[in-house]
Amino acid sequence: MPIQVLINLFIAFLWMFFQDEWSILSFIGGYLVGILVLFSMRRFFPASFYMKRFISILSLFLLFISESISSSIYVIRQVIGPKINVTPGIFKLETDLEGDMEITLLALLLTLTPGSVVMEISSDNRIFYIHGLNLPESEHAVIQSKIKYEKAIKEVTR
């Protein structure tokens, strides 16, 4: 994958030289041409096309932003409400992710789920112990977020 990025940057600079115009627009045009060239030659590289991983990272980031906004709205509603009616509790959640980076990323992202905080991770990295603000509702939200996050994390890291 790094060789594909370097080749794409080389094509972009080469495009600028051929255009005889040193501008950011010329560079972007060359970069887009480089993407097309690399996409057409993707079968000659041992790794998959690098833009696929870039799009996966972008979708994970957008998922993070949307979950962060919904989490903020949920907590603001709880705080602003006339009466705080919560039933806090702790529950466990199993995962099938592997590797320290995947586990850490999932733990950080689950902490952003409305009203939940990852308290501890088991020694085998398979079970998260999570504190929920409003247990029946929080547990369901965390399970739904876990499914979305695991899928996005697997697309990025594997």
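Student: What is the order of the three strands in the open sheet, and which pairing do they have?

Tutor: Two strands pair if DSSP finds at least two bridges between them. Strands (E, at least two residues) and helices (H or I, at least four) are DSSP runs, numbered from the N terminus. Here the order is β1-β3-β2, and the pairing is antiparallel. This is a predicted model, in which local features need pLDDT of at least 70 and side-chain atom pairs count only at pLDDT 80 or more, while totals for chains, interfaces and linings use all residues. Residues are numbered from 1 along each chain as its sequence is written, and side-chain values use heavy atoms, with hydrogens and water left out.

Student: Why is one side of β1 and of β2 left without a neighbour in the sheet?

Tutor: β1 (89-94) and β2 (116-121) stand at the edges and each has a single partner strand, so one side of each has no neighbour in the sheet. From one strand to the next, the twist averages 30 degrees. β1 and β3 (residues 127-132) run antiparallel and are joined by six bridges. Within this part of the sheet, Lys-92 stands opposite Tyr-129 in β3.

Student: Which strands does helix α5 touch?

Tutor: Contact means heavy atoms within 4.5 Å. Angles run from 0 to 180 degrees between N-to-C directions, and axes are lines fitted to C-alpha atoms, for helices over the stretch in contact. Helix α5 (residues 135-157) packs on the sheet and touches β1, β2 and β3, with its direction at about 25 degrees to that of β1. Helix α4 (residues 100-111) lies across β1, β2 and β3 and runs at about 150 degrees to β2.

Student: How many aromatic pairs are there?

Tutor: Rings of Phe, Tyr and Trp (its six-membered ring) pair if their centres lie within 6.5 Å; planes under 30 degrees apart count as stacked, over 60 as edge-to-face and the rest as tilted. The count here is six aromatic pairs. One of them, Phe-39 with Phe-49, is edge-to-face, at 5.4 Å centre to centre and 70 degrees between the planes. Phe-39 lies in helix α2 (residues 24-40) and Phe-49 in the loop between α2 and α3 (50-80), 10 residues apart. Phe-13, Phe-27 and Tyr-31 form one aromatic cluster.

Student: Is Phe-49 buried or exposed?

Tutor: Buried means under 20% relative accessible area, exposed over 50%, partly exposed in between (1.4 Å probe, protein chains only). Phe-49 is buried because its relative accessible area is 14%, whereas Phe-39, at 41%, counts as partly exposed.
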